[in-house]
Every structure is written in C-alpha cells, then in structure tokens.
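User: I would like to go through this model and ask what stands behind each label. Please set the values against the cut-offs.

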Amino acid sequence: MLKKWLSYPLIGLVKFYQQAISPFTPATCRFTPTCSQYTLEAIQKHGPFRGTWLGMKRIAKCQPWGSSGYDPVPEKLQKEK
C-alpha cells in the first residue's frame, strides 16, 4: 500500500513532463516506447523504487552512442515458493 502511495507523485511528475514540457521539445528519443512512457510503465509495474531505477537506467542509455530500437519494460520477477 505504501508503494502505491509513493508511486502517485512520481507518476504525476512523468505525466507533467509528457504534457507540459515534452510537446515543446524536439522528439529525440531513440527507443520505443519513449523514455517517459517507459518510466511510467516501469513505475506502474515494478513500484516506485525499482521503477524509478529502471527509468533512470533507460534515460542514461538514450544518448548518441547508446543503443536504440524496441526496448520494453522487463517483466516482474516471480519469487519462487
């Protein structure tokens, strides 16, 4: 429950960026889905801590000497019983 509450402000920041900042900058993301959409999906799927970490790693890869192409959010690891 705490993770869900911590996710809301982070999701809000990403959506603010997508609606208020991104439309005024040139589209330069080298990946599909875009880095902001990837971060949003990662936070929703993995929670605020791991999702933010995955988003930061993705943004760090989005540079001229990095890779490009389709890069989906990894699936959540299943704990063994």
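Analyst: Start with the elements. Helices are DSSP runs of H or I with at least four residues, strands are runs of E with at least two, and both are numbered from the N terminus. Helix α2 is followed by G47, whose phi is positive, near 95°. This is a predicted model, in which local features need pLDDT of at least 70, side-chain atom pairs count only at pLDDT 80 or more, and totals for chains, interfaces and linings use all residues. Residues are numbered from 1 along each chain as its sequence is written, and side-chain values use heavy atoms, with hydrogens and water left out.

User: What pattern does the protein chain follow along the sequence?

Analyst: The pattern is α-β-α-α-β. That gives 3 helices and 2 strands.

User: What makes the span of α1 agree with its number of residues?

Analyst: The expected span is 1.5 Å times one less than the number of residues. For the 20 residues of α1 that should be 28 Å; the end C-alpha atoms lie 29 Å apart, so the two agree. Helix α2 (residues 35-46) has 12 residues and reaches 16 Å, close to the 16 Å expected.

User: What makes W5 and Y8 an aromatic pair, and of which kind?

Analyst: Rings of Phe, Tyr and Trp (its six-membered ring) pair if their centres lie within 6.5 Å; planes under 30 degrees apart are stacked, over 60 edge-to-face, and the rest tilted. A search of the whole structure finds 1 aromatic pair. W5 and Y8 are 5.8 Å apart, centre to centre, with 85° between the planes, and the pair is therefore edge-to-face. Both residues lie in α1 (residues 2-21), 3 residues apart, about one turn of the helix.

User: How do you know which charge sits over the ring of Y38?

Analyst: The rule asks for NZ of Lys or CZ of Arg within 6 Å of the ring centre and within 35 degrees of the ring normal. The charged end of R58 sits over the Y38 ring, 4.4 Å from its centre. Y38 is one of the buried residues of α2, which also include C35, L40 and I43.

User: What covers the buried residues of α2?

Analyst: The cover includes α1, β1 (31-32) and α3 (48-61). Contact means heavy atoms within 4.5 Å. In α1, the buried residues are S7, I11 and V14. They pack against α2 and α3.

User: What describes the packing of α1 and α3?

Analyst: Two packed helices are described by the angle between their axes and the distance between the axes. Axes are lines fitted to C-alpha atoms, for helices over the stretch in contact, and angles run from 0 to 180 degrees between N-to-C directions. For α1 and α3 the angle is about 35°, with the axes 9 Å apart. K3, L6, S7 and L10 in α1 meet P48, F49 and T52 in α3. These residues divide into 4 nonpolar, 2 polar and 1 charged. Ala, Val, Leu, Ile, Met, Phe, Trp, Tyr, Cys and Pro count as nonpolar, Asp, Glu, Lys and Arg as charged, and the others, Gly among them, as polar.

Technical notes:
Buried < 20%, exposed > 50% of the residue type's maximum accessible area, 1.4 Å probe, protein only.
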